[in-house]
Amino acid sequence: MNVSAVAIPFSTFPYFENTIRQLSQSSSIGQIFVFHGGAYFPSSPKCEGIKFDSPNSGVALNSLLKKIKSKYLLLMTESGEINFGQFALERFLSVAEETNAGIIYSDYYDIKNGERHEHPVNDYQIGSIRDSFDFGPVMLFSVLAIRTAVKKYGPIPKVNSAGLYDLRLKVSVDHRVFHIREYLYTKTESSARITGEKQFDYVDARFYTIQKEMEAVETNHLKNIGAFLKPKFKAVPDTETKFPVEASIVIPVRNRVKTIADAVNSALNQQTDFLFNIIAVDNHSTDGTTEALKALAQKSLLVKHIIPKRIDLGIGGCWNEAVMSEHCGKYVVQLDSDDLYTDGETLQKIVNVFRTGKYAMVIGAYRLVTMKLEEITPGVVDHKEWTPKNGRNNALRVNGFGAPRAFQTSMLRQIPFSNVSYGEDYGITLRLSREYQIGRIYEPLYLCRRWEGNTDAALSVEKINRNDAYKDMLRTIEICARQRINKKR
């Protein structure tokens with residue numbers, strides 16, 4: 001029988017002792033290490049305390065690795081209530097033996113409000129390098145894989161929050177990361193926060209120090225796998241195309257009759273020293289949006305109302321319709337159909353950055369608000385993690401870049417959007433940043449309105465997984481392309 005060590009954070013809740021008892025009684029478990037802040041007293045002969053609060057600490061993990069005598073390490077990243085299924089521990093260990101994987105993880109069950117729900121997780125791929133990748137709260141490591149990775153790529157750094165992130169990236173370089181598509185344990189959910197709240201955690205100013213640690217770890221990983229890009233950029237190519245206006249505000253829309261007029265009027269209120277128009281790409285709306293746009297277009301010649309001939313378009317496809325149209329200006333600037341510009345100067349500020357001649361794309365910052373324009377947490381989302389020196393590398397770690405997004409039209413006519421309705425902006429930004437510099441405006445230019453109609457307010461696990469897997473795929477493509485560039489160099 002293969003024996004594993006276990007590492008788990010301490011908790012004062014009663015279920016913690018139940019978990020320890022469950023692990024102690026298993027013949028598959030040889031050692032149990034408990035991360036604690038200084039007030040833990042072992043309740044089992046197998047238990048030993050490690051005086052650190054979190055398994056995310058680099059110092060804690062290095063201390064742990066010195067003590068492990070087993071072939072495997074079962075790392076439990078949360079102190080919440082976890083109950084293993086029938087022969088689940090044995091299943092983890094047998095799959096580890098059969099696959100020779102460096103990391104093993106599985107699907108699990110969630111108990112929320114007394115009801116059990118399936119919680120599948122995604123398969124791991126080359127692009128699964130975001131620090132928020134969901135392995136679930138239980139991961140099995142090969143200790144040999146850990147020691148091999150640390151010897152080759154360096155020890156886990158002395159970080160407070162990015163130690164585990166560093167460890168799993170280093171192990172993943174040369175070892176398989178294997179997903180068992182079985183529900184091997186049950187976790188009782190302790191957080192009731194919805195998707196729409198959780199997705200902004202990584203841009204919260206309170207977590208800035210943590211994010212810098214994560215960035216350093218991810219940057220080192222890109223160097224280890226040959227995908228790091230130095231801050232050297234191609235010049236944005238000149239174009240001889242004659243455009244009808246300097247800039248076009250693009251609004252892809254389907255069934256937003258409650259908000260479309262606000263968005264269009266926000267665009268019409270822009271004060272500029274150049275000509276612009278608004279291209280509203282109406283993706284066959286059925287709720288009155290079409291009629292509202294027709295009325296707006298009749299009132300102002302600036303509003304170009306386009307209904308595509310195709311019926312298979314996502315948001316990216318609607319962008320392509322606008323970019324390829326005869327109405328499109330030299331620059332295209334995003335405005336979602338339920339959002340607003342902060343004031344009448346937004347468009348001018350964006351075009352001013354383009355006029356420096358350095359950028360293929362410009363991204364601003366936005367403020368998160370209610371439909372009554374009342375600020376809500378986290379407030380201003382400025383994505384200051386995008387720095388001129390390392391932005392395009394750090395971009396592979398995070399899930400978004402901010403708004404409003406604006407582009408050189410000539411670039412988008414060469415590199416179109418993917419015809420999808422999620423991640424189309426992320427994909428094009430990764431692609432452009434591979435070669436060209438991205439301009440940034442860190443002041444809020446845009447009001448992102450949260451309301452019951454937002455599609456990302458509260459997503460199912462399955463929908464979250466599909467979205468995350470798609471962005472991981474985009475990262476995989478981008479990493480492969482960057483590795484190819486570096487090999488040529």
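Are W319 and F417 buried or exposed? W319 is buried, and F417 is buried too (buried is under 20% relative accessible area, exposed over 50%, partly exposed in between, with a 1.4 Å probe and protein chains only).

A quick word on the background. This is a predicted model, where local features need pLDDT of at least 70, side-chain atom pairs count only at pLDDT 80 or more, and totals for chains, interfaces and linings use all residues. Residues are numbered from 1 along each chain as its sequence is written, and side-chain values use heavy atoms, with hydrogens and water left out.

Now to the rings. The structure holds 17 aromatic pairs; rings of Phe, Tyr and Trp (its six-membered ring) pair if their centres lie within 6.5 Å, and planes under 30 degrees apart count as stacked, over 60 as edge-to-face and the rest as tilted. Here are two of them:

| Pair | Type | Centre to centre | Angle between planes |
|---|---|---|---|
| W319 and F417 | tilted | 5.2 Å | 40° |
| Y331 and F354 | stacked | 4.5 Å | 10° |

W319 sits in helix α10 (residues 315-324), while F417 is in the loop between α13 (409-414) and α14 (424-433), 98 residues apart. Helices (H or I, at least four residues) and strands (E, at least two) are DSSP runs, numbered from the N terminus.

Y331 belongs to strand β13 (residues 331-334) and F354 to helix α11 (residues 346-354), so their pair ties together parts 23 residues apart in sequence. Y331 and F354 are both buried.

Elsewhere, ring pairs join Y105, Y124, F133 and F135 into a cluster.
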